[in-house]
Amino acid sequence: PPWAVSLAAGGSHTCGVRPSGETWCWGRGVQGQLGQGVAVSSAVPVKVANIVDAAQVFTGGSHTCVLRKSTAYVACWGSNGSGQLGTAGGDSAIEAAPAGLGSGKGTLSLGLGDAHTCAVRLGGEAQCWGKGGDGQLGTGTSNSATPLTIAAFTGSTVVAAGVKHSCSLKAGVPYCWGLHDLRLGSGASAVLPQPKPQLVPNLAGATGLVAGAAMSCALGGGH
């Protein structure tokens, strides 16, 4: 069998999910992003304790989350200075061991940015939490340690997050929000926060979506 069924690279760490459901991480871990219960780095893969049923792993700037197989429950660990783990944080808050995100049940997709996290729930609602000063939460809120639902935006299937922006697929059409400096794909180039989802033109029929530090890509659109 393959070594990993899911693999993700963050700001300076990498994590993979084994076919058994175990999660392993390596790289920089001084903010707890390796999930070892202590803030420690490792040049070789180390097993994350208490995660034996992961389906997918997602990495952000200095935090990590997994979707668990049985209930689509979310568990996150790492830096929590802006509330990106979905719990009350603080400027230097670090969660080194996996903690379940109670409202994460029924999650379809996750996207982790530099200091924020977004999710698509089973009902198609898009939610974001963490740092939001550039509009990346999609709600106009600066920061939030609890998931915020993006108003009047249902039917999402996939979500992705960059450093200061987020994107989602809705009925095969990409929408993006956050720092408006070309990365949103809406055709405007003004550098300012855009806290509401903006349609990306000419990409109807997209099936996949990724967001980098300051760029976004869609798969299969443009028909």
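Student: What makes A49 count as buried, partly exposed or exposed?

Tutor: This is a predicted model, and in it A49 has a relative accessible area of 42%. Buried would require a value under 20% and exposed a value over 50%, so A49 is called partly exposed. As for its place, A49 is in the loop between β4 (42-47) and β5.

Student: Which residues does A49 touch, once residues up to four places away in sequence are not counted?

Tutor: A49 touches G35 and P98 on that count, where a contact needs heavy atoms within 4.5 Å.

Student: Why is Y175 called buried?

Tutor: Its relative accessibility is 18%, and the limit for buried is under 20%, so Y175 falls on the buried side of that cut-off. Y175 lies in strand β15 (residues 173-180), and, leaving aside neighbours within four places in sequence, Y175 is in contact with F153, S166, C167, S168, K170, P197, Q198, L199 and V200. The C-alpha atoms of Y175 and K196, which are 21 residues apart along the chain, are separated by 9.3 Å.

Student: What makes a group of residues a nonpolar core, and how many residues has the largest one?

Tutor: Membership requires buried residues of the nonpolar kinds joined through side-chain atoms within 4.5 Å, and the largest such core has 13 residues. Those with the most contacts inside this core are C25, V48, I51, A54, V57, V66 and W77, while β2 (13-17), β5 and β7 (74-79) are the elements that give two or more residues to it. For I51, the contacts beyond four places in sequence are with G21, E22, T23, V66, R68, A75, W77 and P98. In soluble globular proteins, nonpolar side chains tend to be buried together.

Student: How much space lies in the largest pocket, and which residues are closest to its centre?

Tutor: The largest pocket holds about 480 Å³ of space, and of the 29 residues that line this pocket, T59, G111, L112, A161 and A211 are the closest to its centre. Two or more lining residues come from each of β1 (6-9), β5 (54-59), β9 (107-112), β13 (156-161) and β17 (208-211), with the largest share, five residues, coming from β9.

Student: What classes of residue make up that lining?

Tutor: The lining of the largest pocket has 16 nonpolar, twelve polar and one charged residues, with Gly counted among the polar ones.

Conventions:
Residues are numbered from 1 along each chain as its sequence is written. This is a predicted model: local features need pLDDT of at least 70, side-chain atom pairs count only at pLDDT 80 or more; totals for chains, interfaces and linings use all residues. Side-chain values use heavy atoms; hydrogens and water are left out. Helices (H or I, at least four residues) and strands (E, at least two) are DSSP runs, numbered from the N terminus. Buried means under 20% relative accessible area, exposed over 50%, partly exposed in between (1.4 Å probe, protein chains only). On a 1 Å grid over the protein atoms alone, a cavity is a set of points where a 1.4 Å probe fits but cannot get out, and a pocket is an open set with protein on both sides within 12 Å along at least five of seven lines; lining residues have an atom within 4 Å of a point. Grid points are joined across faces, edges and corners, and a volume is the space filled by probe spheres set on the points.
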